[in-house]
Amino acid sequence: DIKSPEGGNIGLWPIWAASDNKDEWGGSADVQYLPEYAMGKTWSTITWEFVANFPHDKLQFVFGKVGGSVSFDNLILVKKGTEDNMIVNNLIVLLLVLFSCCSAFASSHVLRYNKPAALSVKGWERESIPLGCAHFGVSVFGDPAKERLQVTHNAFLTGGKKKQNSANLTNALEIYLDFPVEEYADYERGLDIDRGVAWTEYESQGMRFRREYFTSYPSRVLAVRLTASRKGSISFTLRPETPFLSPWEKDGGNRNFGRRGSVSSSGATIDVNQELERFKVKFAGRFKIVHEGGDLSEDGKTLSVKGADSAVVYFSCDTNYRLRPEVFSASDDKKLDPGDDPSSRVKSFVSAAADKGWDVLLSEHEADLRRLLGRASIDLDANAEDAKKTTDALLKEYKSGKRSRYLEETYWLFGRYLLVSS
């Protein structure tokens with residue numbers, strides 16, 4: 001039985017698991033959220049499932065911000081897959097929740113939008129949602145019919161237009177997911193900054209569709225999960241494209257911008273290989289689709305899923321760039337090791353990620369992100385109602401003179417999120 005404390009209602013609570021040693025925050029939670037309930041109301045059964053990546057003789061469950069406590073008449077910890085359990089009586093679990101006389105505000109900070117990012121340069125720069133795992137970055141557009149995921153890699157550079165020694169970060173890869181969607185409603189997309197997870201949701205043909213995306217630093221992959229409210233409703237085509245292909249100098253092109261590439265599919269995977277003429281930079285990308293139910297087919301360049309209950313797309317990329325003395329001292333064609341083949345590495349990354357599966361990858365990612373973001377926090381006594389508004393609406397109100405402490409908190413945290421992601 002779980003009873004709310006005196007003094008106010010409680011909003012949504014994220015739950016974390018932490019070790020007793022505050023310098024070794026670890027573990028993760030497959031986070032479940034309690035629905036809002038009134039003061040004094042009793043719940044008979046609430047269940048959470050979490051993965052502990054540390055010695056779990058001592059656990060601390062942390063909920064949000066400081067202020068108040070919740071009493072558990074009976075807490076049962078069950079080790080998944082076994083009959084072992086521990087019963088802890090009269091346990092007091094601290095709630096870090098900010099209470100007011102009427103409501104309490106959850107600590108989650110999100111960027112929220114009610115329309116997709118435009119499939120344009122402006123949409124990429126100002127509207128797409130950024131994900132990053134230090135190894136590569138992804139911009140998520142969230143279009144229901146034509147999802148665009150634009151990939152950037154910091155070692156994939158073209159030459160400058162004016163000076164030989166200048167370089168431009170180039171679009172490493174375009175990933176498209178084509179869906180049979182003609183009309184949709186009740187659209188929402190966003191980024192849960194605290195978890196580093198983006199999402200897109202909409203209704204179409206009487207069903208609710210959801211996409212979730214994150215990039216994992218520990219596993220060096222992008223993972224995208226596709227689900228729907230009705231089984232057998234996930235159908236799409238995965239279609240990567242190598243942008244800005246340009247002839248090499250011997251074929252009449254500019255050696256600073258020479259670029260060639262290929263895309264090939266086989267079984268449940270797609271391989272992308274590219275090379276820049278400048279410095280002979282090699283780029284390799286690997287995709288794999290894991291689906292439940294339905295059928296998977298390929299045509300040599302794309303993968304198509306039809307009638308699945310759910311599907312996860314895994315992706316990783318790498319280059320042959322390595323920081324070594326030759327990068328500075330050798331001629332352009334000898335700066336990088338021509339024998340270094342990044343394709344074998346990305347195949348290994350994707351295979352290992354698919355073996356772990358979505359749940360384990362997500363738990364590792366959230367624990368890794370929380371280890372860094374959790375070093376500092378901010379509390380400006382934000383208004384809970386602002387969390388329900390779109391980010392565009394909050395910005396418009398702020399510019400007109402209506403201050404939002406929630407937007408200020410989110411802005412601060414978003415800056416830290418971008419540093420961690422890069």
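F179 and F236 are both buried, where buried means under 20% relative accessible area, exposed over 50% and partly exposed in between (1.4 Å probe, protein chains only). This is a predicted model, in which local features need pLDDT of at least 70 and side-chain atom pairs count only at pLDDT 80 or more, while totals for chains, interfaces and linings use all residues. Residues are numbered from 1 along each chain as its sequence is written, and side-chain values use heavy atoms, with hydrogens and water left out.

**Aromatic pairs**

Rings of Phe, Tyr and Trp (its six-membered ring) pair if their centres lie within 6.5 Å; planes under 30 degrees apart count as stacked, over 60 as edge-to-face and the rest as tilted. By this rule there are nine aromatic pairs. The F179–F236 pair is tilted, because the ring centres are 5.8 Å apart and the planes stand at 35°. F179 lies in the loop between strand 15 and strand 16 (185-192) and F236 in strand 20, so this pair ties together parts 57 residues apart in sequence. Helices (H or I, at least four residues) and strands (E, at least two) are DSSP runs, numbered from the N terminus.

A stacked pair is formed by F414 and Y417, with 6.0 Å from centre to centre and 15° between the planes. These two residues are three apart in helix 6 (residues 405-421), and are therefore separated by about one helical turn. Y417 counts as buried because its relative accessibility is 2%. Ring pairs also link Y184, Y187, Y202 and F209 into a cluster.

**Salt bridges**

Side chains of opposite charge can pair when their charged atoms come close. A salt bridge is here a side-chain nitrogen of Lys or Arg within 4 Å of a carboxyl oxygen of Asp or Glu. The whole structure contains 26 salt bridges; three of them are tabulated below.

| Salt bridge | N to O distance |
|---|---|
| D178 and R239 | 2.8 Å |
| D318 and R220 | 3.8 Å |
| R260 and E275 | 3.4 Å |

In the salt bridge between D178 and R239, distant parts of the chain are linked: D178 belongs to strand 15 (residues 167-178) and R239 to strand 20 (residues 234-241), 61 residues apart. D178 is partly exposed, because its relative accessibility is 24%.

D318 is buried at 4% relative accessibility, whereas R220 is partly exposed at 23%.

The salt bridge between R260 and E275 links distant parts of the chain, with R260 in strand 21 (residues 259-266) and E275 in strand 22 (residues 269-276), 15 residues apart. R260 is partly exposed, with a relative accessible area of 42%, and E275 is buried, with 17%. Elsewhere, a network of salt bridges connects D186, E201, R208, R210, E212 and R225.

Strand 26 is mostly covered, with ten of its ten residues buried. On one side lie S310, V312, Y314, S316 and D318, and on the other A311, V313, F315, C317 and T319; all are buried, so that both faces are covered.

Two strands pair if DSSP finds at least two bridges between them. Strand 19 and strand 26 run antiparallel and are joined by six bridges; the partner of L226 in strand 26 is A311. Strand 23 (residues 282-292) also runs antiparallel to strand 26, with ten bridges between them, and R286 has S316 as its bridge partner in strand 26.

**Surface and overall build**

Y321, L323 and F328 form a nonpolar surface patch with about 370 Å² of accessible area together. Patches are made of residues with over 30% relative accessible area and no salt bridge, like charges being joined within 9 Å and nonpolar side chains (Val, Leu, Ile, Met, Phe, Trp, Tyr) within 5 Å; accessible areas come from the Shrake-Rupley method with a 1.4 Å probe, and for residues only the protein chains shown count as cover. L323 is located in the loop between strand 26 and helix 2 (326-329) and is exposed, with a relative accessible area of 64%.

The protein chain has six helices and 26 strands, and 45% of its 422 residues count as buried. With contact meaning heavy atoms within 4.5 Å, residues 24 or more positions apart account for 63% of the contacts with a separation of 6 or more.
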